[in-house]
Amino acid sequence: MRAPREAFLVFLKTLGADTFRIAWIKNRTRAHTEIVTAREAGNQYNLLAARNCEGHCIFCRPWHPSPDWGRYVLCDDLCHENIPSALAAGARCIVETSPGSIQAWFALSMRAETQTLKMIALHLASKWGGDLRAASNPTQFGRLPGFTNRKLKHAGTSNSKSGYPLAVLLHAE
């Protein structure tokens with residue numbers, strides 16, 4: 001398993017986006033979001049780690065200024081049995097966000113309209129038993145590897161210092 005900082009940096013590099021939208025949220029309240037270049041995002045690890053220690057969940061999404069198209073698809077809430085299928089379908093990154101819960105990120109070879117991204121995400125989610133609500137939002141954020149999952153339902157489920165499970169980068173192409 002990679003160290004948290006390394007997992008974070010490998011994830012950003014593997015997705016290959018020029019720009020990311022990063023968010024931190026505490027107790028499902030209003031999110032703080034920033035749009036940063038890949039380099040800036042990599043330099044924000046210490047800030048994000050501090051927010052995570054304060055109880056914030058840390059999320060990310062490759063970002064493009066046009067709301068009408070993009071190239072990244074997130075398939076959320078898969079189980080471990082679906083990892084081989086996701087990899088065979090070309091998943092760039094696989095993140096275990098909590099024990100037994102998987103996110104698979106796909107990067108299309110060319111841009112697609114958001115409606116097409118939504119259709120792809122819905123198809124994959126229904127095929128693999130993923131979260132259809134998340135799939136219906138083509139701008140859905142994913143959990144960043146290298147940070148703990150601070151959902152209250154996960155409190156005390158890990159032997160980490162915080163008691164919360166670490167989002168682990170299982171695969172990076």
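A residue counts as buried when its relative accessible area is under 20%. By that cut-off, the buried residues of helix α1 are Ala7, Phe8, Phe11, Leu12, Thr14 and Leu15. The model is predicted.

**Helix α1**

- Helix α1 covers residues 4–15, which makes 12 residues.
- From first C-alpha to last, α1 reaches 17 Å, close to the 16 Å expected at 1.5 Å a residue.

- Strand β5 (residues 93–98) runs antiparallel to β8, and 4 bridges join the two.
- Within this pairing, isoleucine 94 stands opposite histidine 171 in β8.

- Strand β3 spans residues 57–62 and is mostly covered, with 6 of its 6 residues buried.
- Cys57, Phe59 and Arg61 point one way from β3, while Ile58, Cys60 and Pro62 point the other way.
- Residues pointing either way from β3 are buried.
- Strand β1 (residues 19–25) pairs with β3 in the antiparallel sense over 6 bridges.
- In that pair, isoleucine 25 stands opposite cysteine 57 of β3.
- Strand β7 (residues 142–143) also pairs with β3 in the antiparallel sense, over 2 bridges.
- Here phenylalanine 59 stands opposite arginine 143 in β7.

**Arginine 61, a buried charge**

- Arginine 61 has its place in strand β3.
- This side chain is buried yet has no salt bridge.
- The nearest side chain of opposite charge is that of aspartate 76, which is 9.9 Å away; a salt bridge needs a side-chain nitrogen of Lys or Arg within 4 Å of a carboxyl oxygen of Asp or Glu.
- Leaving aside neighbours within four places in sequence, the contacts of arginine 61 include Thr19, Phe20 and Arg21.
- Arginine 61 is also in contact with Tyr72, Val73 and Leu74, and with Trp105.
- Further contacts of arginine 61 are Pro138, Thr139, Gln140 and Phe141.

**Glycine 130, in a loop**

- Glycine 130 is found in the loop between α5 and α6 (132–135).
- Its relative accessible area is 14%, so glycine 130 is buried.
- Aspartate 77 is 53 residues from glycine 130 in sequence, but the two are 4.9 Å apart in space, C-alpha to C-alpha.
- Beyond its neighbours within four places in sequence, glycine 130 is in contact with Asp76, Asp77, Leu78 and Ala125.

**Salt bridges**

- One joins the side chains of arginine 2 and glutamate 6, at 3.8 Å from N to O.
- Both partners count as partly exposed: arginine 2 has 31% relative accessibility, and glutamate 6 has 41%.
- Another joins the side chains of arginine 51 and glutamate 54, at 3.5 Å from N to O.
- Arginine 51 counts as partly exposed at 24% relative accessibility, as does glutamate 54 at 40%.
- Arginine 92 forms a salt bridge with glutamate 173, and the closest N and O atoms are 3.2 Å apart.
- Arginine 92 lies in the loop between α4 (83–88) and β5, and glutamate 173 in the segment after β8, so this pair ties together parts that are 81 residues apart in sequence.
- Glutamate 173 is exposed, with a relative accessible area of 59%.

Terms used. Residues are numbered from 1 along each chain as its sequence is written. This is a predicted model: local features need pLDDT of at least 70, side-chain atom pairs count only at pLDDT 80 or more; totals for chains, interfaces and linings use all residues. Side-chain values use heavy atoms; hydrogens and water are left out. The expected span of a helix is 1.5 Å times one less than its number of residues. Buried means under 20% relative accessible area, exposed over 50%, partly exposed in between (1.4 Å probe, protein chains only). Two strands pair if DSSP finds at least two bridges between them. Contact means heavy atoms within 4.5 Å. Lys and Arg count as positive and Asp and Glu as negative; His and the chain ends are not counted.
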